[in-house]
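Subject: Structure handover

Hello,

Here is the structure we discussed. My notes follow below it.

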2 protein chains.
Amino acid sequence: MSMNNIDNTDLTKPEKRNAFSELMSSRGRQQRHIREHNNEAKECQSYSFSARDGLGPYIAHPESHSANTVVYYNDDFVVIHDKFPKSTLHLLLLPRDTEKTRLHPFDAFEDIEFLNKVKAEVKKLRPLAASELRRQFGKYSAQEAMRQEALNAETPPDELPAGRDWDKEIMCGVHAHPSMNHLHVHIISMDRHSERLKHRKHYNSFSTPFFVRIEDFPLARDDPRRHPGREGYLRWDFVCWRCGNNFGNRFSELKRHLEEEFEHWKRL
Amino acid sequence: MSMNNIDNTDLTKPEKRNAFSELMSSRGRQQRHIREHNNEAKECQSYSFSARDGLGPYIAHPESHSANTVVYYNDDFVVIHDKFPKSTLHLLLLPRDTEKTRLHPFDAFEDIEFLNKVKAEVKKLRPLAASELRRQFGKYSAQEAMRQEALNAETPPDELPAGRDWDKEIMCGVHAHPSMNHLHVHIISMDRHSERLKHRKHYNSFSTPFFVRIEDFPLARDDPRRHPGREGYLRWDFVCWRCGNNFGNRFSELKRHLEEEFEHWKRL
DNA sequence: TATTCCGATAGTGAC
DNA sequence: GTCACTATCGGAATGAG
């Protein structure tokens, strides 16, 4: 799925290495060297320094990770599959700009030029994500039936029926209080159908204003989402993203309901 | 282990039956009759009417229960094994006096004559309980070694060494806020070694002033134990009954510690 | 203030 | 604010016709 490759040697040029060094934690060069020496895939994914720095290795060395994880990368971005997806499709868009990657997204996106670069990359990424949804669920979808039929015809037509607009089923944005230190934009399908969705915060971080869509930036100075703790988004009742039913504190009941909704959703 | 039997027919004499009828809940005679008809052992132990009336059947019909449960009974008392023992030895002394059995122990024991009858029965029961502890743990006890040795000699002496004073390892009293509606006095060994000890309240109800020893009655008017909720005994930190160590809220750690203490305690 | 089951909540440790 | 493990805490039902 890799779309662009960057010359590996670019990353080892002195100026580049210095830049990437800033991605690392505050420990000294020597220890960093030891770590880079042990830089196997398994090691990279563990919480070697801090649990919150887990995205750093993907940004620093996307080429050293499996294609199962890294969707694509270029000079400015790395796109990976979230290791703990909270929906059937859950990607992370990681800007590599060393001036931004350690910033809170609200601060990073104050730079309109940078924001626009991110928005442009999201715009590029959306169709990729939509096509992945079609690949996974097209066979169940009523709206896809004609398109699938045309595809399977003996002589497929030059122009396929549009089928379902999967782009509508994807949302892109950041958490008002990210848990990982490196700037990351979630590209996530709506379904919330995942074994990894286990806690209240998992659900509400994608289903309340705690999730701030990229198109909502730049954020107004008085936007309440700037104070997610004060607003208590993560403690809100569970509300189904699709039907709006309120499940109070009953997470298990919500999970069972999400299963049902998923079955309907993929058949639309 | 039964020491006294009462004539079964006594319980069915009209005046007696009326008396025992008061032990039942507020439902009518007809339903009561149906219940007594279904009065099998299993049925008696279930929470047929209310979870808090579970001791009633033992008081009303001790003769219809297994000797594994009923230790002994006479006209005035029934002694049973607690169905959910919170120590290796845990008996309940149940006064049968229909004027008292529905009272809170603090009220029932205001009647000094009645209190003295209960104290006398406790005094009788203690040696029985102590001998049961000796039976169970004498073989581990250092203080019992000489006595056990004498017992196992070819010609046992007329007078055995005293051995360990197991009476000290028993405490007798009531809960400041009993959970079961019928008046009951706990006869319980100190060890708190039981699979049934599962919750904070289980432990603290026997290890704080929430447990009021029978010898502390009559209770002063201003005794703080009259207000167990206000005093918050059941919410106290866990404190080992033997070494006094404080385990905070860490119930599991307390449980592991109790296991160790038990191994030492039985070897004294 | 019973037990039991189920589930929500809270604290910890991760190299 | 990661995950994963353990454990604490919290509500609801508990029978029988």
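Is Cys243(A) buried, partly exposed or exposed? Cys243(A) counts as partly exposed, because its relative accessibility is 37%. Please bear in mind that this is a predicted model, and so is everything that rests on it.

Cysteines. The sulfur of Cys243(A) has its closest cysteine sulfur in Cys240(A), at 3.7 Å; a disulfide needs the two sulfurs within 2.5 Å, so this pair is too far apart for a bond. In chain B, the sulfur of Cys243(B) lies 3.7 Å from that of Cys240(B), its closest cysteine sulfur, which is also too far for a bond. Cys243(B) is partly exposed, at 36% relative accessibility. Over all chains the count of disulfides is zero.

Annotation. An unreviewed UniProt entry places the feature "domain: Aprataxin C2HE/C2H2/C2HC zinc finger" at residues 207–263 of chain A. Over residues 207–263, chain A is 32% helix and 5% strand, with 19 Å between the end C-alpha atoms.

Helix 6 of chain A. This helix covers residues 112–137, which is 26 residues. From first C-alpha to last it reaches 36 Å, close to the 38 Å expected at 1.5 Å a residue. Helix 6 bends by about 25 degrees at Leu125(A), and Pro127(A) follows within four residues. Leu125(A) is also one of the buried residues of the helix. Others that are buried include Glu121(A), Arg126(A) and Glu132(A), along with Phe114(A) and Phe137(A).

Regards

Conventions
Residues numbered from 1 in each chain as written. Chains lettered and ligands numbered in written order. Predicted model: local features only at pLDDT ≥ 70, side-chain atom pairs only at ≥ 80, totals over all residues. Heavy atoms only, no water. Helix = DSSP H or I, 4+ residues; strand = E, 2+ residues; numbered from the N terminus. Expected span 1.5 Å × (residues − 1). Bend = angle between axes of the 7 residues up to and from the residue. Buried < 20%, exposed > 50% of the residue type's maximum accessible area, 1.4 Å probe, protein only. UniProt positions renumbered as here; feature names shortened; annotations may be inferred.
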